[in-house]
Amino acid sequence: MAVGVTRACIIGAGSSGITAAQVLAARGIDFDCFEMGSGVGGNWRYGNDNGVSSAYRSLHINTSRTAMEYAAFPMPETYPDYPSHWQIATYFDDFVDAFGLRERITFRTEVVKVSAGSTTGGGGYDVTVRHRDTARESETRHYDHVIVANGHHWDPRWPEPGFPGAETFPGEQVHAHYYRTPDLFEDKRVVVLGIGNSATDIAVESSRVARETWLAMRRGAYVLPKYLFGVPTDHLTNSPLARGPLAVQKAGMKAMLRLAVGRMTDYGLPQPDHDVLEAHPTISDDLLSRLGHGDIAVKPNIDRFEGSKVFFTDGTAVEADVVVYCTGYKVTFPFLDDTVVRARDNHVDLYRRVVSPDHPGLYFVGLIQPLGAVMPLAEQQAHWVADLIAGEVHLPPVAEMRAQIASYDEAIRKRYVASKRHTIQVDAHTYRAELEKERKERRRS
């Protein structure tokens with residue numbers, strides 16, 4: 001049955017959903033926010049009872065707290081440069097309590113369907129929710145606007161296609177999404193596939209307790225330390241000097257890396273097949289030292305399995321007990337029909353990475369992978385969405401929005417390595433400027 005009429009629906013109370021809630025509340029825009037779990041924080045809440053958090057016990061942020069905090073609510077200065085997930089979850093709790101948002105969030109409630117149009121007429125969206133802790137039947141509510149903030153690090157992407165022989169491997173195969181503690185690796189022979197942040201963290205943890213650890217990868221990567229010259233690395237990459245032309249940024253970053261850590265090949269890693277800043281950065285203070293100590297060995301991509309042996313593309317093989325796939329995530333919206341929005345190969349057609357051109361009133365907050373932190377950018381997106389909901393700014397014609405999407409896609413192809421992880425990539429400084437310009441130039445007179 002359809003009950004109630006409110007202006008906006010926010011799906012999810014993770015880092016993007018709560019900033020959307022704060023911005024809408026501050027603007028006096030009525031909304032409902034639905035969250036599957038019993039707490040806020042999404043992926044940053046370890047053991048989240050929403051069932052989809054990827055946080056492992058040792059997880060810390062890999063952008064500094066000052067780069068990650070909301071403008072409306074800075075992190076405590078007592079926090080370290082790189083807080084743990086427990087500290088970030090506490091920060092989110094403090095955020096919603098400071099702004100009186102907790103009572104505005106309906107917890108333990110899953111959005112199962114969003115339909116364009118309305119059974120009551122007049123456009124908008126019908127949102128069907130299921131209450132997880134009660135016998136109450138699912139209910140459908142009508143909204144003029146829907147803000148999707150369900151995150152994009154919760155639906156694991158396994159290797160595609162799978163490796164021959166993997167189905168008969170007698171050991172354990174696990175995706176990084178399900179990894180929690182290194183007990184799994186105790187005295188085992190472990191292969192970790194990937195060279196992103198999760199892969200390096202997991203390989204380092206494995207190397208401390210496993211009998212042997214191999215880090216396998218399709219291509220090389222530039223591994224950035226968390227500190228350069230005694231300060232968090234993003235304090236340098238976010239400085240005004242780092243906001244010049246891309247060629248200048250690349251030259252500066254390469255020079256700093258060469259001085260600070262040397263060449264990637266010095267540690268046995270393959271030479272990256274791309275330039276610095278052409279792929280999402282891998283941040284690790286520990287990986288290079290563990291490689292230098294011989295505690296982790298480097299291998300190319302997996303080729304196939306034969307019994308307990310893992311063969312690599314260079315023809316070598318190792319006996320393994322555990323294989324960890326750090327192969328990323330799928331962008332999915334289980335509550336949206338393909339007729340509304342399709343995420344083909346992690347690509348979604350969105351104007352400025354937020355607005356669906358074909359579905360007025362449907363917005364996506366936090367569906368970006370920045371060179372930088374998501375949270376302050378999601379906050380900026382939420383301000384723009386609030387402008388649109390309040391009618392203070394207007395959108396361009398659909399043809400112009402499609403042209404911008406095509407331009408963005410072309411820029412991604414030119415700038416970044418071809419990969420599903422880069423389909424939603426943005427540069428934090430450039431993207432922030434785009435949103436600010438959009439809000440300023442399209443303000444209604």
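Domain bounds here come from an automatic or database domain assignment.

**View 1. Division of the predicted model into two domains.** The protein chain of this predicted model is assigned a domain 1 built from two segments, 7-154 and 329-442. Domain 2 spans 158-325. Taken over C-alpha atoms, the centres of domain 1 and domain 2 lie 29 Å apart.

**View 2. The contact between domain 1 and domain 2.** Domain 1 contributes 34 residues to the contact, and domain 2 contributes 33 residues. The size of an interface is often expressed as the accessible area lost when the parts come together. Between domain 1 and domain 2, about 2,600 Å² is buried, with 47% of this area on carbon and sulfur atoms.

**View 3. Polar contacts across the interface of domain 1 and domain 2.** Between the two domains, 12 residue pairs are in polar contact, with both residues at pLDDT 80 or more. The number of salt bridges found across this interface is 0.

View 4. The structure contains 1 cavity of 30 Å³ or more. The largest cavity has a volume of about 40 Å³.

Key:
Residues numbered from 1 in each chain as written. Predicted model: local features only at pLDDT ≥ 70, side-chain atom pairs only at ≥ 80, totals over all residues. Heavy atoms only, no water. 1 Å grid on protein atoms, 1.4 Å probe; cavity = no way out; pocket = protein on both sides within 12 Å on 5 of 7 lines; lining within 4 Å. Points joined across faces, edges and corners; volume = space filled by probe spheres on them. Contact = heavy atoms within 4.5 Å. Buried area = accessible area lost by both parts, 1.4 Å probe. Salt bridge = Lys/Arg side-chain N within 4 Å of Asp/Glu carboxyl O. Polar contact = N/O pair within 3.5 Å; in protein donor to acceptor, adjacent residues only side chain to side chain.
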